[in-house]
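Good morning, and thank you for making the time.

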Amino acid sequence: MSTENHTAAGPLTTETGAPVSSNNQSEAAGPGGPLLVQDQVLLAKLAHFNRERIPERVVHARGAGAYGTFTATADVTAYTRAAFLSAPGKQTETFLRFSTVAGNLGSADAVRDPRGFALKFYTEEGNYDLVGNNTPVFFIRDAIKFPDFIHTQKRDPYTGSQEADNVWDFWGLSPESTHQVTWLFGDRGIPASYRHMDGFGSHTYQWVNAAGEQFWVKYHFKTDQGIENLTAEDAAVLAGQDPDSHQRDLREAIERGEYPSWTVQVQIMPAAEAATYRFNPFDLTKVWPNADYPRITIGKLELNRNPDNVFAEVEQSAFSPANFVPGIGPSPDKMLQGRLFAYGDAHRYRVGINADQLPVNRPHATTARNGNRDGLGYDGRHAGAKNYEPNSFGGPAETGRPLWAPVHVSGPTGEWETPHHAEDDDFVQAGDLYRLMTADERDRLIANLAGFIAKVTRDDIADRAIANFAKADADFGARLTEAVAKLR
Ligand code: HEM
């Protein structure tokens, strides 16, 4: 980012460029007297300071970001007409923000929580945002539950702290969370750094090729640094000693020229297979096992440049799952559908109506051209150009070509439950995950879960939570019951 000459030597000035005579003594009514309203240097400085903060993100408030490069390594034109994926070797600038979910802006990095993996591709057809996590699944499957879920992760309205009762009450009453909770309390629940974890698009997305054929796609980002995690004990020490551990690690690695990278892979399902697949492919609490849809490597993501200014480029960065490019679109996943609204709305509240004009958010490989104008922070970029369409003055024109392909729907509107496919239930994949773990991994999983469930004050809440794990695997439930009983 350009710093123009704001940091050059020379006289200190006000915001409007007038020289400042004293930045150490306020103007007073006599040597021992009170201060004067006419000291506008003092008043403007205090007023600006009071307005330094913008609202923190309602979730994922704590994070760190870096710019990088995506290099396509495979020909996927049979599946998508997205230009940035059109040829092996093609490179696209990116910005990636990592985050934790529940903690506030100043909270510690080394905690048990999913990590955000929000990636912006600055493509020549517009910015494509893939706003994922380091987990392939999520706790819930309908957007209408998201505020309830997050309220249980955040501070209780009365105690002002996160409460084990609220967390386990919600999870126990939401059996579809069992898979993600098993994942979170396993070893990968506390990554050693942002560099040593995988990323996932998590949702299913639509790809459409030049011929209009559509596919359902899941994204995977496999860390080239290897997976490394922290034990609960080591993380507790690190979180106390160095709350900024993950942010510092990322910045310092890039400063050293050790650029972290991820191998980018996709699972591709032909659209016609979705209706009969054994799991509902639009249910965010489920993965598609690799045996069903093997991962195909399509590119490499490298992070190679630190932002110059954390506030301007990380705090004000704005990612939206609704930012698609030609050849990529949404699936009917009910979580994704809710997210298509939520992020733009959050940006308008948090950063303002012109958030997408800021250097980190605007397109870098093309230009935004439309009739939107004015509003707080508008930068006057359009000068005197006409602000309506159609016009006879050479203004931008609509293309008539939707970015993604139409999806067939049928049946009456209604508050429908997510359809169950042949092998869908809330516990099958949680059980599979438990049985995949080594004996050591299971020991740590049980200890991590039991330590938290034991803090619940009501037996019915603890029992209901444990019952869900028992439905995933009888051994899982029995060991957890015993471990919690020992601690309570
Ligand atoms: C219906 C469910 C969800 C809703 C309503 C929701 C809403 C939000 C909102 C309002 C923000 C703050 C955005 C901002 O202020 O810029 C946010 C941030 C974020 N969410 Fe979600 N979210 C949902 C589910 C998910 C899921 C399933 C994932 C991952 C698969 C996810 C990943 C993220 C990430 C990574 C960020 C941080 C983006 C950044 O770094 O700026 N969210 N979410």
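Let me begin with a convention on residue classes: Ala, Val, Leu, Ile, Met, Phe, Trp, Tyr, Cys and Pro count as nonpolar, Asp, Glu, Lys and Arg as charged, and the others, Gly among them, as polar. By that convention, the shell around the ligand divides into 13 nonpolar, 10 polar and four charged residues. Please keep in mind that this is a predicted model, in which local features need pLDDT of at least 70, side-chain atom pairs count only at pLDDT 80 or more, and totals for chains, interfaces and linings use all residues. Residues are numbered from 1 along each chain as its sequence is written.

A residue is taken as near a molecule if its C-beta atom, placed from the backbone, lies within 6 Å of it. There are 27 residues around the ligand, and the closest are His60, Arg97, Gly116, Ala143 and Ser202. Two or more residues each come from strand E2 (91–100), strand E3 (115–123), strand E4 (126–133) and helix H8 (334–350). Helices (H or I, at least four residues) and strands (E, at least two) are DSSP runs, numbered from the N terminus. Helix H8 gives the largest share of the shell, eight residues.

Next, strand E2. How many of its 10 residues are buried? Eight are, so E2 is largely enclosed by the rest of the structure. Here, buried means 20 or more other C-beta atoms within 10 Å of the residue's own, exposed means 12 or fewer, and partly exposed lies in between, with C-beta atoms placed from the backbone.

Why does Thr100 count as buried? Because 22 other C-beta atoms lie within 10 Å. Beyond its neighbours within four places in sequence, Thr100 is in contact (C-beta atoms, placed from the backbone, within 7 Å) with Arg62, Ser107, Asp109, Val111, Asp113 and Arg115.

I turn now to the cores. A nonpolar core is a set of buried Ala, Val, Leu, Ile, Met, Phe, Trp, Tyr and Cys residues joined through C-beta atoms within 7 Å. The largest has 45 residues, and Leu96, Trp207, Val217 and Ile328 have the most contacts inside it. Among the strands that each supply at least two residues of this core are E2, E3 and E4. A second, separate core of 39 residues includes Leu184, Val287, Ile446 and Ile453.

Finally, the helices. The axes of H2 (residues 146–153) and H3 (residues 164–173) come within 7 Å and cross at roughly 145°; axes are lines fitted to C-alpha atoms, for helices over the stretch in contact, and angles run from 0 to 180 degrees between N-to-C directions. Asp148, Phe149, Thr152 and Gln153 of H2 meet Asn166, Val167 and Phe170 of H3. The buried residues of H3, including Trp168 and Trp171, pack against H2, H4, H10 and H11. Helix H9 (residues 428–436) has Gln429, Ala430, Gly431, Leu433 and Tyr434 as its buried residues, and their cover includes H4, H10, H11 and H12.

Conventions
Two residues are in contact if their C-beta atoms, placed from the backbone, lie within 7 Å.
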